[in-house]
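Subject: Structure handover

Hello,

Here is the structure I said I would pass on. My notes on it follow below the entry.

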Amino acid sequence: MTSVTPISPQTLGRLKSAAGIGGWSEDTAEIAPLVAEWRGKYQGRTPLLLKPDSVEAIAAVVRICAETRTAIVPQGGNTGLVGGQTPSAQGDEILLSLRRLNRVRNVDALGNTMTLDAGVILADAQTAANDADRLFPLSLASEGSATIGGLISTNAGGTGVLAYGNTRELALGLEVVLPDGRVWHGLSGLRKDNTGYDLKQFFIGAEGTLGIVTAATLKLFARPAAIETAFAAVPTVQAAVELLSFAQTHGGTVTAFELIPRIGLDFVLRHVPGTRDPLGAAHPWYVLIDISLKAGEATGVAADLLVEAANKRLILDGVVAQSEAQARALWKLRDEVSGAQKPEGGSIKHDVSVPLSAIPAFIERAGAAVAKLVPGARPVPFGHIGDGNIHFNISQPTGVDTQTFLARWYEVSRAVHDIVVHDFNGSISAEHGVGQMKVDEIAHYKSSEAIDTMRAIKQALDPLNIMNPGKVVRVRPPV
Ligand SMILES: Cc1cc2nc3c(=O)[nH]c(=O)nc-3n(C[C@H](O)[C@H](O)[C@H](O)COP(=O)(O)OP(=O)(O)OC[C@H]3O[C@@H](n4cnc5c(N)ncnc54)[C@H](O)[C@@H]3O)c2cc1C
């Protein structure tokens, strides 16, 4: 439930003027794809899309929203997976797209920082860093659409977390339009600053519930001299965990370590044109490994790793990419796992983390619980095993009605999340956030002390509850 009244024509008129020429749209064809979520799980409505291209215009919009108690849903690339960027179905919230605020403000190669507007797409941010002979290590399958503001607001993870950390670790400073329309200029590139509360941390991972991120100063790194990519079959998940531990002491830096189950590979080979199994025979599990090498470090580390791992019986077979094209083809097998589930029917998805050493036991226990609830359901556990983060997706049994299967989402998720939290002290949202999908689920699992503290922060920063209401944590509407 939101704290807002329906938006009056007068307020809509004022918002349009504040957003400026080209800064708004009521065109239903333009709005339609922005109020539908990528997986089709959430469908919203809005009377007005705002798409201002300056911080001043955004601040003016937010001031009007505060004055009129109009709820705002910020949106970047609309690739979020928990419905955080989707307005309510009542049509009583405005959608604020940051996509036109998309300048690269500054790249400081010597200082290893870059400052970007919130609407810059991740792939363009990577290119900007690359052009300055630096690496911006954040990387995920949605990088062609996801924006800096969305990545900051979801504290996105991705495949580089193992070596470089989550987005939180990559952010040095932020610029934020606060819920009263003032602008907090926190674009510091400082790596040390102990002058009280670290305010940027409130907005990172807040999913637009505390303010609108308009720009960020981000960390850059030296580009590796080479990246060696290996694809290996492992007999068990336990072997995959042990292989990671071995690889981390073997040479170079392990910058990605991803798990793929055979069923996931089968789905990709069946549904994604141009893919092929790089190993001849079928194996139960696979890992995809990136090893980064600094200038001067000897090459051939990945090949040597596979030989030694085979001697230790940690792998059954493996290949090392011999070209960038081959590396891309191997990564495609990993990146397409989620998408390739779609043609297999309904899928109940979980984005969880447990301690790395507990992953084998978690996958086994959760798989058994799901099999008991829905015989024939097909778990496809994959993802960032190096971070203890598994996307525990479950494809429907073959031949059953999709809606009947999806109707059991809550029941199945409760069983999986109970195991995550109660058996392994894990997290029910490792990287995708809370949005509207998990707002009640985190209230169930988090302590009252944690939820009360979250609520207190929300009420202190956004007392009118106009910033993305109903997402992350519920608060009572103001009287
Ligand atoms: C194929 C695919 C693969 C993915 N892989 C990963 C992965 O590996 N790791 C991972 O972490 N995520 C992954 N995601 C999820 C998604 O890409 C990330 O959550 C991403 O950070 C969202 O960015 P966006 O710009 O699309 O944000 P949106 O989807 O537009 O918004 C996400 C949230 O941030 C808020 N928001 C957006 N911009 C702002 C802003 N400027 N100020 C304040 N709030 C804002 C929105 O209100 C919403 O709550 C994947 C998604 C897809 C479709």
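In which loop does Arg-313 lie? This is a predicted model, and in it Arg-313 sits in the loop between helix H11 (301-311) and strand E15 (317-320). Its phi is near 60°, a positive value in a residue other than glycine. Arg-313 has a relative accessible area of 71%, so it counts as exposed, the cut-off being over 50%.

A second residue with a positive phi is Val-472, at about 65°, although Val-472 is not a glycine. Val-472 is found in the segment after H17. With a relative accessible area of 10%, Val-472 is buried.

Overall picture

The chain has 17 helices and 19 strands. Its radius of gyration is 23 Å, close to the 23 Å that the globule rule gives for 479 residues, so the chain is as compact as a globular protein of that length. Along the principal axes, the C-alpha atoms fill a box of roughly 70 × 55 × 45 Å. Of the 479 residues, 54% are buried. Among contacts with a separation of 6 or more, 74% are between residues 24 or more positions apart.

The accessible surface comes to about 20200 Å², and carbon and sulfur atoms account for 52% of it. On the charge side, there are 43 positive and 48 negative charges, and their mean positions are 3 Å apart.

Salt bridges

Side chains of opposite charge can pair when their charged atoms come close. A search of the whole structure gives 22 salt bridges.

Arg-14 and Glu-67 form a salt bridge through their side chains, at 3.0 Å from N to O. This pair links distant parts of the chain, with Arg-14 in helix H1 (residues 9-19) and Glu-67 in helix H3 (residues 55-68), 53 residues apart. Arg-14 is partly exposed, at 32% relative accessible area, and Glu-67 is exposed, at 55%.

Arg-262 and Asp-277 also meet in a salt bridge, with an N to O distance of 3.0 Å. Arg-262 belongs to helix H10 (residues 262-271), while Asp-277 is in the loop between H10 and strand E14 (285-293); the two are 15 residues apart.

The side chains of Arg-474 and Asp-440 make a salt bridge at 3.1 Å, N to O. Arg-474 is partly exposed at 37% relative accessibility, and Asp-440 is partly exposed at 47%.

Two loop positions

Lys-438 is in the loop between helix H15 (409-424) and H16. At 5% relative accessibility, Lys-438 is buried. Beyond its neighbours within four places in sequence, Lys-438 is in contact with Asp-351, Ile-428, Ser-429 and Gly-433. The C-alpha atoms of Lys-438 and Val-82 are separated by 7.3 Å, although the two residues are 356 residues apart along the chain.

Ala-109 is in the loop between strand E5 (104-108) and strand E6 (113-117). Its relative accessible area is 23%, so Ala-109 is partly exposed, a class that lies between the 20% and 50% cut-offs. Leaving aside neighbours within four places in sequence, Ala-109 is in contact with Ala-132 and Arg-134. Ala-109 and Ser-25 are 84 residues apart in sequence, and their C-alpha atoms are 38 Å apart in space.

Regards

How values were computed
Residues are numbered from 1 along each chain as its sequence is written. This is a predicted model: local features need pLDDT of at least 70, side-chain atom pairs count only at pLDDT 80 or more; totals for chains, interfaces and linings use all residues. Side-chain values use heavy atoms; hydrogens and water are left out. Helices (H or I, at least four residues) and strands (E, at least two) are DSSP runs, numbered from the N terminus. The radius of gyration is taken over C-alpha atoms; the globule rule is 2.2 Å times the number of residues to the power 0.38. Buried means under 20% relative accessible area, exposed over 50%, partly exposed in between (1.4 Å probe, protein chains only). Contact means heavy atoms within 4.5 Å. Accessible areas come from the Shrake-Rupley method with a 1.4 Å probe; for residues, only the protein chains shown count as cover. Lys and Arg count as positive and Asp and Glu as negative; His and the chain ends are not counted. The place of a charge is taken as NZ of Lys, CZ of Arg, CG of Asp or CD of Glu. A salt bridge is a side-chain nitrogen of Lys or Arg within 4 Å of a carboxyl oxygen of Asp or Glu.
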